[in-house]
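Please look over the sequence and the structure shown here before reading on.

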Protein chains: 2
Amino acid sequence: MSESKKLHLTAFMRPVSLHTGAWRYPGSYPDANFSLAHIVSFIKKLEDAKFDAFFMADHLAVLNMPVEALRRSHTVTSFEPFTLLSALSVVTEKIGLAATASTTYDEPYHIARRFASLDHLSNGRAAWNIVTTGNPESAKNFGLDEHVEHSERYKRAREFYDVVTGLWDSFADDAFIRDQESGIFMDPEKMHVLNHKGDDLKVKGPLNIARPVQGWPVIVQAGQSEPGRQLAAETAEVVFCSPRDLVAAKALYADIKGRVVAAGRDRNQLKILPAAFIVIGDTVEEAKAKRLHLDSLVHYDSAIASLSVSLGTDASEFDPDGPLPTDLPPTNASHTSRAGVVKLAEDEKLTVRQLAGRLGGYSGLAFVGTPESIADEMGIWLSEEAADGFTVAFPFLPQGLDDVTQRLVPELQRRGIFRQDYEGTTLREHLGLPRPRNQFFP
Amino acid sequence: MSESKKLHLTAFMRPVSLHTGAWRYPGSYPDANFSLAHIVSFIKKLEDAKFDAFFMADHLAVLNMPVEALRRSHTVTSFEPFTLLSALSVVTEKIGLAATASTTYDEPYHIARRFASLDHLSNGRAAWNIVTTGNPESAKNFGLDEHVEHSERYKRAREFYDVVTGLWDSFADDAFIRDQESGIFMDPEKMHVLNHKGDDLKVKGPLNIARPVQGWPVIVQAGQSEPGRQLAAETAEVVFCSPRDLVAAKALYADIKGRVVAAGRDRNQLKILPAAFIVIGDTVEEAKAKRLHLDSLVHYDSAIASLSVSLGTDASEFDPDGPLPTDLPPTNASHTSRAGVVKLAEDEKLTVRQLAGRLGGYSGLAFVGTPESIADEMGIWLSEEAADGFTVAFPFLPQGLDDVTQRLVPELQRRGIFRQDYEGTTLREHLGLPRPRNQFFP
């Protein structure tokens, strides 16, 4: 680990908390997902804390869930990413703005144009999280009966990326002259007509907007499947992923960085930022207690259903306030999944109710402790090449976000593993990524 | 004309001036189309002047033109409407925000969602200008070799409107409860699944965003063709049109209002706002001289090509500084078009060069004069039922816009035919339009 190696931090903001009980936590804003005033206050705090970017995940549907879960879900309504991030670009100056956009249910001309526009509006702070949108509910909102098959989606995504980046390069950076005296506005020799004709897409071009400030907005990818990793290795500059623990993270990190090199790229041109759910307390015990309280706010019906799925057996028969029974009936479901749950119950000495709340709330990678203990862990992930930083998920807001920006970030800064201030103005500069050369006007 | 009848004014802002010489006019910003700072200053002035709305036209392509025209065109690059208007929603409080969106090259789920999001971000100021996008260059950016046939586009547009408005009604206004104590976030009984299956579109729903503040964003339509007028009569709340003069405007007004009534609607629920290019001077002569100077900034090659098309004969042979020859050769092209040009040359005593500049610059409806003379004309259009107001096009900016906001608007206010202040907060309130009832939760 070089002396200067630092973490990158982005904030996962849609929904503002992934935890299904977050909106009920004492002091939380129940309408946080859908209140511009609250979201403006969040992004300003994140910018003050020098976060690299504000990251908007997205869905193209109300997700399918049982009616009792729907009744309790704060994820059902939120702003559309491009409209929200464009609004936020005006109230911020430095923080990056990452929007999710689907390659399966949108057109490359629209996508190229909106990201270029957001990049110009924000003076070079846009990022595109490329997703292929697997969920069947989305397909039904776009004229299909079933979702598009996985390999077909990834094949189209790869071509879609080529078209979008080709459209971004429609104009040389110096194409626009705007000389009032001579009347020459632009140089048509510096405009490229793409004329793309591929298996899935046919797009003529040029794009009707000048080249983005960053050349290309930063490319983000989240897939962990085989084609997802390969697409990331070939195209992504940031990978958002969800390894379960340090060991899994190191293996994933090594695999993706290896693929990057095999694809002929510099391994530093792709940053791996696992999602991390962060709960902070004055002591580790207090942080754990906060998390248990948060988990307890998940409705028991939803929680026990999640636990039953993970165990591969009906957990609603168990005593909610007793330990997980040791004599679980045999299952045909995933033994790895069951073993993980059994180990979790033992390690944290959870009752069935607490275990169900964890599974129904948020059971991915979490750092739960004091600012110091979490900074220790993050430093290990950085030095052991498990991560180049984190995609931070907040347990509840505003307090859980304030704990990160006011307590954890200063501790990371004190240790020299997070920036004291922005050194550049664009998201590429924050991330240490080069500005891509124009492929038609090098 | 009732005592209280007032004009509505919207600003036609993409490109910021329709006139192809505007960017060269003394004092103009040559990058005005594509500078957020300039556009922010324009919209703030328009809001101070109490304009109803800021209207973004749009194209889904770099328009096809000869290379010498392209070299001189300020229209080639601009912001994408949704990203720009979302940014502008944050720096304004009252003025409406109208975005153009195509029913031919986009998906109703995306369109419904973006307008709903813009309406929430702006607290009820969004409007959708429905266009069917006829130009063939756009088709080529969306996988097609040729543009979609006119009647097919309008058939899809009608169904698209039904789907979008149906999606906006996905949730009752009181669907979201957000009770932290009980854990009930929303009432699934107040969520409607559209399940639309039509000739051109299949969309399940529901939309993943709460019902817009205005119920539905305001519907704008620009078509003047037979199917365009009919679509407007059935669906539009604002019609943007381009009649040549008062006589033509009265006929169009009567026709569209008649169709509105025939469609079972109140005639006041549709406002007709012709496009008007406004040039203001201290005297009528000075205003005319400004316009001639502006026309002279159109490159002669482009200008003479436009004149040749309108005359149906090659005008490049004529003496540029002499009058239009009286012995024009016979033509197979439109005699109406030629007659209009001949009359224009005679009425305004224009040389060939001046005439060419007019045709190559902007030759639609224009009010050119003093604040008083233009207010006289506008008052006549209002009282004679030729218009409910105007879609104002500025000749050059910032000066041409300042002339309207600082000189014409106060004169209209003095006469009592334009508001002194906004009376409501939403665009529907500015326009005097009712909030639509939710069709599924009346």
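What follows is a walk through a predicted model.

Begin where the two chains meet. The contact draws on 73 residues of chain B and 73 residues of chain A. Together the chains bury about 6,500 Å², with 61% of that area on carbon and sulfur atoms. Polar interactions are present as well: 36 residue pairs are in polar contact between chain B and chain A, both residues being at pLDDT 80 or more. On the side of chain B that touches chain A, at least two residues each come from several elements, including helix 3 (81–91), helix 4 (108–121) and strand 5 (176–179) of chain B. By residue class, that side of chain B divides into 35 nonpolar, 18 polar and 20 charged residues.

The count of salt bridges between chain B and chain A is 10. One salt bridge pairs A:Asp145 with B:Lys202, where the closest N and O atoms are 2.8 Å apart. A network of salt bridges links A:Glu80, A:Asp106, A:Arg114, B:Glu80, B:Asp106 and B:Arg114.

A:Glu80 also has a part in helix 3 of chain A, where it caps the N-terminal end. A side-chain oxygen of A:Glu80 lies 3.1 Å from the backbone nitrogen of A:Phe82. Of the 11 residues in helix 3 (residues 81–91) of chain A, 9 are buried, so the helix is largely enclosed by the rest of the structure. The buried residues include A:Phe82, A:Leu85 and A:Leu88. What do the buried residues of helix 3 of chain A pack against? Within chain A they pack against helix 1 (36–48), strand 2 (53–56), strand 3 (96–102) and helix 4 (108–121), and from chain B they meet helix 3 and helix 4.

Helix 1 of chain A holds A:Leu46, which is buried with a relative accessible area of 0%. Among the residues in contact with A:Leu46 are A:Phe51, A:Ile95, A:Phe394 and A:Tyr422. A:Ile95 is 49 residues from A:Leu46 along the chain, and their C-alpha atoms are separated by 7.8 Å. In soluble globular proteins, nonpolar side chains tend to be buried together. Here the largest nonpolar core has 179 residues, and A:Phe51 and B:Phe51 have the most contacts inside it. In chain B, B:Phe51 touches residues including B:Leu46, B:Ile95, B:Phe394 and B:Tyr422.

Elsewhere in chain B, helix 7 (residues 226–235) has B:Gly228, B:Leu231, B:Ala232, B:Ala233 and B:Thr235 as its buried residues. These pack against helix 6 (150–168), strand 9 (218–221), strand 10 (238–241) and helix 8 (246–262) of chain B. At the start of helix 7 of chain B, a side-chain oxygen of B:Ser225 comes within 3.1 Å of the backbone nitrogen of B:Gly228.

Over all chains, the structure has 74 salt bridges. In one of them, A:Arg415 pairs with A:Asp376, with 2.5 Å between the closest N and O atoms. A:Arg415 lies in the loop between helix 14 (399–414) and helix 15 (427–431) of chain A, and A:Asp376 in helix 13 (residues 371–383) of chain A, so the pair ties together parts that are 39 residues apart in sequence. A:Arg415 is partly exposed, at 32% relative accessible area, and A:Asp376 is partly exposed at 42%.

In chain B, B:Lys155 and B:Asp199 form a salt bridge at 3.7 Å, N to O. B:Lys155 belongs to helix 6 of chain B and B:Asp199 to the loop between strand 7 (196–197) and strand 8, so this pair ties together parts 44 residues apart in sequence. B:Lys155 is partly exposed, with a relative accessible area of 38%, whereas B:Asp199 is exposed, with 67%.

How values were computed
Residues are numbered from 1 along each chain as its sequence is written. Chains are lettered from A and ligands numbered from 1 in the order in which they are written. This is a predicted model: local features need pLDDT of at least 70, side-chain atom pairs count only at pLDDT 80 or more; totals for chains, interfaces and linings use all residues. Side-chain values use heavy atoms; hydrogens and water are left out. Contact means heavy atoms within 4.5 Å. Buried area is the accessible area (1.4 Å probe) that two parts lose on being put together, summed over both. A salt bridge is a side-chain nitrogen of Lys or Arg within 4 Å of a carboxyl oxygen of Asp or Glu. A polar contact is a pair of N or O atoms within 3.5 Å; within protein, one must be able to donate a hydrogen and the other to accept it, and residues adjacent in sequence count only if both atoms are side-chain atoms. Helices (H or I, at least four residues) and strands (E, at least two) are DSSP runs, numbered from the N terminus. Ala, Val, Leu, Ile, Met, Phe, Trp, Tyr, Cys and Pro count as nonpolar, Asp, Glu, Lys and Arg as charged, and the others, Gly among them, as polar. Buried means under 20% relative accessible area, exposed over 50%, partly exposed in between (1.4 Å probe, protein chains only). A nonpolar core is a set of buried Ala, Val, Leu, Ile, Met, Phe, Trp, Tyr and Cys residues joined through side-chain atoms within 4.5 Å. Lists of a residue's contacts leave out its neighbours within four places in sequence.
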